[in-house]
Protein chains: 2
Amino acid sequence: MSEKIFRFLAEQRPDLPCLVVDLDVVAGKYRALAALLPGVGIYYAVKANPAPEVLSVLAGLGAGFDAASVTEIRSALDAGGRPERISYGSTIKKRSEIAAAYALGVRLFAFDSQAELEKIAEAAPGSRVCCRIRVSESGADWPLTRKFGCDFDMACDLMRRAGGLGVDPYGMMFHVGSQQTKPEQWDAAIEKSKQFFDRLRADGITLKMLNLGGGLPAHYRTEVPPIERYTQEMQESLARHFPEGLPELLIEPGRYIVAEAGIIQSEVVLIAKKSAKDEVRWVYLDVGKFSGLAETMDEAIEYVIRTPHDGGPAGPVILAGPTCDGVDVLYEKAGYKLPLDLAIGDRVEIFAAGAYTTTYSTVGFNGLPPLKDYYI
Amino acid sequence: MSEKIFRFLAEQRPDLPCLVVDLDVVAGKYRALAALLPGVGIYYAVKANPAPEVLSVLAGLGAGFDAASVTEIRSALDAGGRPERISYGSTIKKRSEIAAAYALGVRLFAFDSQAELEKIAEAAPGSRVCCRIRVSESGADWPLTRKFGCDFDMACDLMRRAGGLGVDPYGMMFHVGSQQTKPEQWDAAIEKSKQFFDRLRADGITLKMLNLGGGLPAHYRTEVPPIERYTQEMQESLARHFPEGLPELLIEPGRYIVAEAGIIQSEVVLIAKKSAKDEVRWVYLDVGKFSGLAETMDEAIEYVIRTPHDGGPAGPVILAGPTCDGVDVLYEKAGYKLPLDLAIGDRVEIFAAGAYTTTYSTVGFNGLPPLKDYYI
């Protein structure tokens, strides 16, 4: 709950819908994590929210950056990020994009396939490469599927080839899935990582870096364990599996850093029943799946919603966005209830909306503008 | 297959990915439908592709426009559309949006709930209103769900109130679902419409217009019946159910008009297996769910894909987009096969991509730009 954001909304009355992000919360989240994970490089996942204001705050605090594209690399550099603290984390890059990143000074590249390793070797010779290994994502509310990461044996094979191709087999990474609700998921991945380190050491290759990936959650409608549980699990697991000393460690939080810093304010456009027999009201907001709330897909992320009438009697609703698209229904099964006094024109707030909202917004589906955003 | 588009791509070599739309095909589709449905007002669904070039061609041919927002209304007017040939078809409008449309001269408004009717009556007094009734969408590849349309009894009740509120109970509409593959679906909706006309006539209300909605399909990977089957089914159904004479008729094609006019050209970014045991190649394109191919959601729309190696031996693939998002997988279950000779850097074409692509594109998810589009 950010008083600063509510003051801004009350005083400025911006056109709705809009997202307002409190940069103090962003900085606070970064500092908290840095304090809990001393010695671990915190590389902000730019894709969560690439606003220049967010990147500047984080660069000023010493953050590194995990970039998904050359555009994100440029944004990080423009905000004061240093190229040696940028990881080009996408495993799906055009050769021209790798070359552009290399020209900008980036020297750490992720991959999970032979062809990608070869592209990096050609377009970014001498760089450090980091192999992404597939691990279990059980417990993640936004899993990343088999799209990313190769299996253990293939990863070993590719790392063995890296040196011969002219790149440095520097480290490995995993990702336990976005909005990971089970802190213990990191342990199995860290154990597997140690096996990977050991296997390559037997081949004479000493990996220097382990990237713990993303996955740290934000607090949405469902309770998640406190961040301290996550960092403690990681640290205990690392100490257990790497008793002879830790490699260089990175972590790539995005959602954790910026989600809770942001609130979307939205206007209720329509409240309707479509039949005299309907028990449930349809509540249509002016923001939906195509203007920022894409992560309501399959009702994966359940946002906390505040109305001016909270505390009064409430009833079940189906929440939907404003477009003429049947897919643009936010919550039908999640069991949302909203006050019976809720009225058309009311302003409602959607909490923890600072991550994965603005950039998922379409350019103008149905002629509706992209989500406006303010950073204060 | 548009030679004009391929010539443009070969000569201009635009940055990829991009969409190229052949305006002659747009005009041809409109003319074909107008010839098959004489006397029916063809109101292009602007949301399918709101490019000024498309709207200008259609306005020049005499099309009306179905608009989802004030922005779309302005686009239609800018392109030469006439306000008396615009239907504000969204049933979810802010009062301020209704007022803005009214100020622009629009006098035909859709609704499906009491509150929306009241908003129209207040903000657009004297206008014609059109009640949207819920009908079966069985057979639609992109159904519109219960989000739109009220039931028969509620629709009757609301139309009875319309006159007293100061608006004209002018007509009714239904929508059998987007990409409707079963022409016979219109018959049940038209029969229900006639019952609606009769019920209101018994109350002394004579409806003047029936809007047959959207739903006319484009030709994707799966065969659909020819357009003549659809128009013939509609005409026979109308003659059967309205033997005493037809009301004013509208139809709102979007996809049918513009989908087949457009081709996306995309570059293969990566081809990979992630395990020595993998039988299936992952093929990653530079366009995905967040840069135009949103309708691959749940593999709903299956695009025809052409490669430079078609005709040679092929094998199964999983097709995915370029972002670091696990959701950005295009086809995993649909059984796509692509040539074994397909290589990184190859240019592939995605057919019938002129509708529901550009506007679904995000503003810049992962730092990737929105889909570029050309109209020739």
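Reader: Which is Glu72(B), buried or exposed?

Author: A residue is called buried if 20 or more other C-beta atoms lie within 10 Å of its own, exposed if 12 or fewer, and partly exposed in between, with the C-beta atoms placed from the backbone. Glu72(B) is buried because 28 other C-beta atoms lie within 10 Å. This is a predicted model, in which local features need pLDDT of at least 70 and side-chain atom pairs count only at pLDDT 80 or more, while totals for chains, interfaces and linings use all residues. Residues are numbered from 1 along each chain as its sequence is written, while chains are lettered from A and ligands numbered from 1 in the order in which they are written.

Reader: Where is the place of Glu72(B), and which residues does Glu72(B) touch, not counting residues up to four places away in sequence?

Author: Helices (DSSP runs of H or I, at least four residues) and strands (runs of E, at least two) are numbered from the N terminus, and Glu72(B) has its place in helix α4 of chain B. Touching, or being in contact, is read from C-beta atoms that are placed from the backbone and lie within 7 Å. Leaving aside residues up to four places away in sequence, Glu72(B) touches Val46(B), Lys47(B), Pro50(B) and Ala67(B), together with Gly367(A). Lys47(B) is 25 residues apart from Glu72(B) along the chain, yet their C-alpha atoms are separated by 7.6 Å.

Reader: How many residues does the contact take from chain B and from chain A, and which elements give two or more residues to the side of chain B that touches chain A?

Author: The contact takes 56 residues from chain B and 55 residues from chain A. On the side of chain B that touches chain A, two or more residues come from each of α4 (70-78), α6 (114-123), α7 (152-165) and β12 (262-272) of chain B, and β12(B) gives the most, with five residues.

Reader: Which domains does the domain assignment of chain A give, and how many residues of domain 1 of chain A are in contact with domain 2 of chain A?

Author: The bounds come from an automatic or database domain assignment, which for chain A gives domain 1 (23-259) and domain 2 (260-375). Their C-alpha centres lie 33 Å apart, and 23 residues of domain 1 of chain A are in contact with 17 residues of domain 2 of chain A. On the side of domain 1 of chain A that touches domain 2 of chain A, the largest share, four residues, comes from α2(A), and the residues of that side divide into twelve nonpolar, five polar and six charged.

Reader: Which residues of α8(B) are buried, and why are they on the same side of α8(B)?

Author: Helix α8 (185-202) of chain B has 18 residues and reaches 27 Å from its first C-alpha to its last, close to the 26 Å expected at 1.5 Å a residue, the expected span being 1.5 Å times one less than the number of residues. The buried residues of α8(B) are Gln185(B), Trp186(B), Ala189(B), Ile190(B), Ser193(B), Phe196(B) and Phe197(B). They lie on the same side of α8(B) because they cover an arc of only 115° around the axis, where the arc is that of the directions from the helix axis to the C-beta atoms. These buried residues pack against α7, β8 (168-173), β9 (178-180), β10 (209-211) and α9 (227-241) of chain B, whereas Gln195(B), Asp198(B) and Ala202(B) are exposed on the other side of α8(B).

Reader: Which residues of the largest nonpolar core touch the most other members?

Author: A nonpolar core is a set of buried Ala, Val, Leu, Ile, Met, Phe, Trp, Tyr and Cys residues joined through C-beta atoms within 7 Å. In the largest, of 123 residues, Phe109(B), Ile120(B), Val129(B) and Ala155(B) touch the most other members. Apart from this core lies another, of 122 residues, with Ala63(A), Ala67(A), Cys150(A) and Met154(A) among them.

Reader: What is phi of Gln179(B) near, and which peptide bond from Leu16(A) is cis?

Author: Most residues other than glycine have a negative phi, and most peptide bonds are trans. Phi of Gln179(B) is near 50°, a positive value in a residue other than glycine; Gln179(B) has its place in strand β9 of chain B and is buried, with 25 other C-beta atoms within 10 Å. Phi of Asp298(A) is also positive, near 55°, but Asp298(A) counts as exposed, with 12 C-beta neighbours inside 10 Å. The peptide bond from Leu16(A) to Pro17(A) is cis, with omega near -5°, and Pro17(A) has its place in the loop between α1 (3-12) and β1 (18-21) of chain A.

Technical notes. Two residues are in contact if their C-beta atoms, placed from the backbone, lie within 7 Å. Ala, Val, Leu, Ile, Met, Phe, Trp, Tyr, Cys and Pro count as nonpolar, Asp, Glu, Lys and Arg as charged, and the others, Gly among them, as polar.
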